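Try each task before you read its solution.

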Amino acid sequence: MSACSLTKLSASTIVQDGCIVEGYDLSTLPRAVLQELLLTSISQSRILSLRILIVKWPLRQLILQNVQGFDEPKAVLLAYCLQRFKHDLRLVDIRGCNIGLHGTTAFCKLAADIQVSDNDVLGMKILDTRPTAEFLKGNFPTKVSCQRIPPTVIMLDCIVDKDNCGLVIQACTKHSVMDLKISHLTVHSIRRNKLRTLLSSLESSIIKGLNLAMNGLQEEGFNVISPIITTFTNLTDLNLSYTGITSQNTSAIQQIANICHRLKTIMKLDMSGNYIRSGVYAILHHLQSPLTHLDLRGCGVRESDLCEMCKLDTLKHLKSLKLNGGAFVNCIELLCRFVLKSAGTLEFLSLEDHMFDSSSISPLCQMIKTLPLLKRLSLSYNHFLPDDIRTIKDKFPAMDLVYKEWLY
């Protein structure tokens with residue numbers, strides 16, 4: 001058995017009983033063992049063990065970046081412990097963790113010096129109310145955190161809605177207790193003036209991902225927020241799907257094009273649900289760096305647009321391409337030529353609702369054959385026969401083929 005496997009097995013055994021963790025001097029353990037205990041407590045949802053580990057954590061940094069099991073309840077627990085017990089951490093990194101609305105609210109309360117409650121996750125007492133031995137001895141204060149010098153830096157992804165927006169803005173502008181560094185921001189529908197204030201409160205060099213899907217910005221909204229977004233110099237991921245613009249909103253299209261021109265770091269762009277037709281090319285030809293992810297579902301891309309897109313060097317390193325609803329059955333060779341620009345990188349491809357039929361199988365198979373990294377292909381809502389789908393599956397058994405039919 002390898003040392004790594006032995007460490008994981010030992011950690012799994014230890015976290016079954018929180019008392020073992022509580023009675024041990026964590027400062028004597030190697031960093032790798034400490035991290036494994038923490039990850040195991042999270043993956044097994046051992047809340048008492050997790051709480052004890054946070055409170056007794058001997059290092060100045062707590063790194064949980066991209067830990068899949070670190071969810072809303074555990075995020076609220078961490079915020080609670082940081083506020084009540086743990087005042088010596090200098091850095092907490094939970095970027096890439098899905099802490100949800102409640103987790104976002106808890107950390108913003110922490111930063112704004114507002115008490116984090118054990119009811120911050122609806123219907124669940126996520127804070128194990130059994131006191132630790134250290135707490136019984138009176139070693140920890142019961143008051144809410146006060147000013148810390150220097151403040152603890154917390155790097156995280158946030159979800160904002162109309163209910164917690166004001167709190168997030170307050171937390172982003174107050175740094176005496178916690179210094180929040182928001183890396184990825186997802187905004188549920190809020191008023192435009194609030195959105196402008198929220199975006200203005202972010203640290204422009206820190207924000208890397210911005211998701212404004214379903215915000216109904218329309219032309220007026222883009223005119224307001226675009227100058228702010230252009231200051232996000234390290235932005236890599238931009239989601240503007242279903243934001244209520246059409247091909248008639250030329251000013252909004254120009255604003256988005258200007259964002260793509262000014263920001264040289266964008267790698268992921270989602271414009272789905274905006275029927276902008278020729279506006280697609282008007283935006284894409286302003287890109288300054290190669291994209292890895294592009295979503296143009298429902299954008300009304302035309303044959304002439306596709307022809308121009310074939311000339312763009314910024315679209316030849318795609319890993320994920322979603323190009324649905326273009327009815328490209330009559331120009332499938334052109335479509336394949338565009339897809340094959342990314343032959344050396346493409347892993348996920350969606351070509352739904354193009355009116356493909358049995359005559360499209362041969363060119364599609366030729367295209368797939370030239371995509372060695374392709375893992376998943378969605379051809380749903382086309383006009384294939386069962387034998388057509390079977391042909392593709394038989395020829396490419398290692399590829400995940402998705403095909404759903406219309407329900408009439």
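The exercises below go from the whole chain to single residues.

This is a predicted model, in which local features need pLDDT of at least 70, side-chain atom pairs count only at pLDDT 80 or more, and totals for chains, interfaces and linings use all residues. Residues are numbered from 1 along each chain as its sequence is written, and side-chain values use heavy atoms, with hydrogens and water left out.

**Exercise 1. Find how many helices and strands the protein has, and what share of its residues is buried.**

Step 1: Count the elements, taking helices (H or I, at least four residues) and strands (E, at least two) as DSSP runs numbered from the N terminus. The protein has 16 helices and 12 strands.

Step 2: Sort residues by relative accessible area: buried is under 20%, exposed is over 50%, and partly exposed lies in between (1.4 Å probe, protein chains only). Of the 408 residues, 51% count as buried.

Step 3: Turn to contacts, meaning heavy atoms within 4.5 Å. Among those between residues at least 6 apart in sequence, 81% join residues at least 24 apart.

**Exercise 2. Describe how helix H4 meets helix H5.**

Step 1: Locate H4 at residues 47–55 and H5 at residues 72–84. Their axes come within 10 Å and cross at roughly 35°; axes here are lines fitted to C-alpha atoms, for helices over the stretch in contact, with angles from 0 to 180 degrees between N-to-C directions.

Step 2: List the residues that touch. Ile-47, Leu-50, Arg-51, Ile-54 and Val-55 of H4 meet Lys-74, Leu-77, Leu-78 and Cys-81 of H5.

Step 3: Sort them by class, with Ala, Val, Leu, Ile, Met, Phe, Trp, Tyr, Cys and Pro as nonpolar, Asp, Glu, Lys and Arg as charged, and the others, Gly among them, as polar. The contact of H4 with H5 has seven nonpolar, two charged and no polar residues.

**Exercise 3. Work out which residues of helix H14 are buried, and what covers them.**

Step 1: Find H14 at residues 332–339, where six of the eight residues are buried.

Step 2: Name them: Ile-332, Leu-334, Leu-335, Cys-336, Phe-338 and Val-339.

Step 3: Look around them. The cover includes helix H13 (303–309), strand S9 (320–322), S10 and H15.
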